[in-house]
Amino acid sequence: MKYIVFILFTVMTNAAAQLMLKQGMMSLGPISFEGTNPLLKLLQIVFSPWVFFGLCTFVISMASHLYVLSKVELSFAYPFLSLAYVAVAIFAYFIFREDLNAWRVAGIAFICVGTVLIAQSGRDLGGHEDETAGLSPDKIHTNGIVR
């Protein structure tokens with residue numbers, strides 16, 4: 001649980017990236033590749049300010065996620081990324097005036113309950129670095145099986 005701050009940072013930067021990408025695509029309007037060079041159009045999209053900063057934020061989110069993965073089990077860390085759905089839905093409601101109906105709220109509630117259950121399962125996780133710290137070479141057989 002000591003890496004929860006990094007996990008939540010990953011979640012929030014992931015959600016922020018989605019919101020920036022949406023803002024960027026809204027500012028560009030409907031995309032059409034008719035009568036234009038697709039590569040130039042793609043560069044125009046990527047280097048528009050909101051899209052560019054959204055992509056940069058994704059890189060930060062991914063770097064944070066890689067750090068988390070080096071410290072905790074994947075089956076513990078990865079489900080937390082579902083909280084990005086929750087954050088995006090809530091922020092999209094306020095920022096973009098997107099619909100947040102009863103079905104979406106119910107789905108958000110299920111995601112939150114599931115994430116809490118997964119978080120409870122990891123209370124005793126100190127990270128896999130602690131699990132392997134006590135292994136000495138004489139405890140590791142040549143085929144990689146621990147005795």
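**What the labels rest on**

Author: Arginine 97 counts as exposed because its relative accessibility is 66%, and exposed means over 50%. Please keep in mind that this is a predicted model.

Reader: Where does arginine 97 lie, and what is its phi?

Author: Arginine 97 is in the loop between α5 and α6. Its phi is near 60°, a positive value in a residue other than glycine. For comparison, most residues other than glycine have a negative phi.

Reader: How do you know that the span of helix α3 agrees with its number of residues?

Author: Helix α3 has 21 residues, 49-69, and at 1.5 Å a residue these should span 30 Å. The C-alpha atoms at its ends are 30 Å apart, so the two values agree.

Reader: What makes the buried residues of α3 line one face of the helix?

Author: The buried residues are Val51, Gly54, Thr57, Ser61, Ser64, His65 and Val68. Looking down the axis of α3, they fall within an arc of 135°, and therefore they line one face. An α-helix has 3.6 residues a turn, so residues three or four places apart point the same way.

Reader: Which residues are exposed on the other side of α3, and what do the buried ones pack against?

Author: Pro49, Val59 and Leu66 are exposed on that other side. The buried residues of α3 pack against α1 (4-28), α2 (38-46) and α4 (74-77).

Reader: How do you know that the buried residues of α6 are on the same side?

Author: In α6 the buried residues are Ile108, Thr115 and Ala119. They cover an arc of only 40° around the axis, which means they sit on the same side of α6. Ala102, Trp103, Phe110, Leu117 and Ser121 are exposed on the other side. The cover over the buried residues of α6 includes α4 and α5.

Reader: What is the volume of the largest pocket, and which residues line it?

Author: The volume is about 190 Å³. The lining is made by Asn14, Gln18, Tyr78, Pro79, Leu81, Ser82, Ala84, Tyr85 and Val88. The elements giving two or more residues to that lining are α1 and α5 (83-95), and the largest share, 3 residues, comes from α5.

Reader: How do the lining residues of the largest pocket divide into nonpolar, polar and charged?

Author: They divide into 6 nonpolar, 3 polar and no charged residues.

Terms used. Residues are numbered from 1 along each chain as its sequence is written. This is a predicted model: local features need pLDDT of at least 70, side-chain atom pairs count only at pLDDT 80 or more; totals for chains, interfaces and linings use all residues. Side-chain values use heavy atoms; hydrogens and water are left out. Helices (H or I, at least four residues) and strands (E, at least two) are DSSP runs, numbered from the N terminus. The expected span of a helix is 1.5 Å times one less than its number of residues. Buried means under 20% relative accessible area, exposed over 50%, partly exposed in between (1.4 Å probe, protein chains only). The arc is that of the directions from the helix axis to the C-beta atoms. Contact means heavy atoms within 4.5 Å. On a 1 Å grid over the protein atoms alone, a cavity is a set of points where a 1.4 Å probe fits but cannot get out, and a pocket is an open set with protein on both sides within 12 Å along at least five of seven lines; lining residues have an atom within 4 Å of a point. Grid points are joined across faces, edges and corners, and a volume is the space filled by probe spheres set on the points. Ala, Val, Leu, Ile, Met, Phe, Trp, Tyr, Cys and Pro count as nonpolar, Asp, Glu, Lys and Arg as charged, and the others, Gly among them, as polar.
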